[in-house]
Amino acid sequence: MYTEAEAKTKWCPHAVASHTDPRRGFRKEDGGEWPVEPNHPCIASMCMAWRWVNKAGYTINIDGVEQAIPQRGHCGLSGKP
């Protein structure tokens, strides 16, 4: 599970594996080549497959200090983390 900022540092294998890559705007059968390096970052909550694990606004009391728990999620297409 990742925070949204952490997820955006990961690459999305589903974008690279798709038949038409909307982020690059070309099709494989038109002679386009997939990039050698995975340069399709996760778009986190902007993706329809993104699943939130916890809600924002939770706090936890550690040794008398209230600390906010960051909201976390994961890719719903990749199964449970």
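The legends below describe close-up views of a predicted model.

Local features in this model require pLDDT of at least 70 and side-chain atom pairs count only at pLDDT 80 or more, whereas totals for chains, interfaces and linings use all residues. Residues are numbered from 1 along each chain as its sequence is written, and side-chain values use heavy atoms, with hydrogens and water left out.

**View 1. Overall composition of the protein chain.**
The protein chain contains 2 helices and 6 strands, where helices (H or I, at least four residues) and strands (E, at least two) are DSSP runs numbered from the N terminus. Along the sequence these elements follow the pattern α-α-β-β-β-β-β-β. Of its 81 residues, 19% count as buried; buried means under 20% relative accessible area, exposed over 50%, and partly exposed in between (1.4 Å probe, protein chains only). The chain exposes about 6,100 Å², of which carbon and sulfur atoms supply 57%; accessible areas come from the Shrake-Rupley method with a 1.4 Å probe, and for residues only the protein chains shown count as cover. Among contacts (heavy atoms within 4.5 Å) between residues at least 6 apart in sequence, 45% join residues at least 24 apart.

**View 2. The aromatic pair Trp50 and Trp52.**
The structure holds 1 aromatic pair. The ring centres of Trp50 and Trp52 lie 5.7 Å apart and the planes meet at 85°, so the pair is edge-to-face. Rings of Phe, Tyr and Trp (its six-membered ring) pair if their centres lie within 6.5 Å; planes under 30 degrees apart count as stacked, over 60 as edge-to-face and the rest as tilted. Trp50 is buried at a relative accessible area of 9%, whereas Trp52 is partly exposed at 37%.

**View 3. The hairpin of strands E4 and E5.**
Strand E4 spans residues 59-62 and strand E5 spans residues 65-68. The two strands pair in the antiparallel sense over 4 bridges; pairing requires that DSSP finds at least two bridges between two strands. Ile62 of E4 has Val65 in E5 as its bridge partner. The hairpin leaves 2 residues between the strands. Asp63, in the loop between E4 and E5, has a phi near 50°, a positive value in a residue other than glycine. Asp63 is exposed, with a relative accessible area of 77%.

Glu66 is exposed, with a relative accessible area of 52%. When residues up to four places away in sequence are not counted, Glu66 touches Thr59, Ile60 and Asn61.

**View 4. A nonpolar surface patch including Ile62.**
Tyr58, Ile60, Ile62 and Ile69 make a nonpolar surface patch of about 340 Å². Patches are made of residues with over 30% relative accessible area and no salt bridge, like charges being joined within 9 Å and nonpolar side chains (Val, Leu, Ile, Met, Phe, Trp, Tyr) within 5 Å. A salt bridge is a side-chain nitrogen of Lys or Arg within 4 Å of a carboxyl oxygen of Asp or Glu. Ile62 is partly exposed, with a relative accessible area of 37%.

**View 5. Ala44 in the loop between strands E2 and E3.**
Strand E2 covers residues 26-27 and strand E3 covers 50-52, with Ala44 in the loop between them. Phi of Ala44 is near 50°, a positive value in a residue other than glycine. Most residues other than glycine have a negative phi. Ala44 is buried, at 0% relative accessibility.
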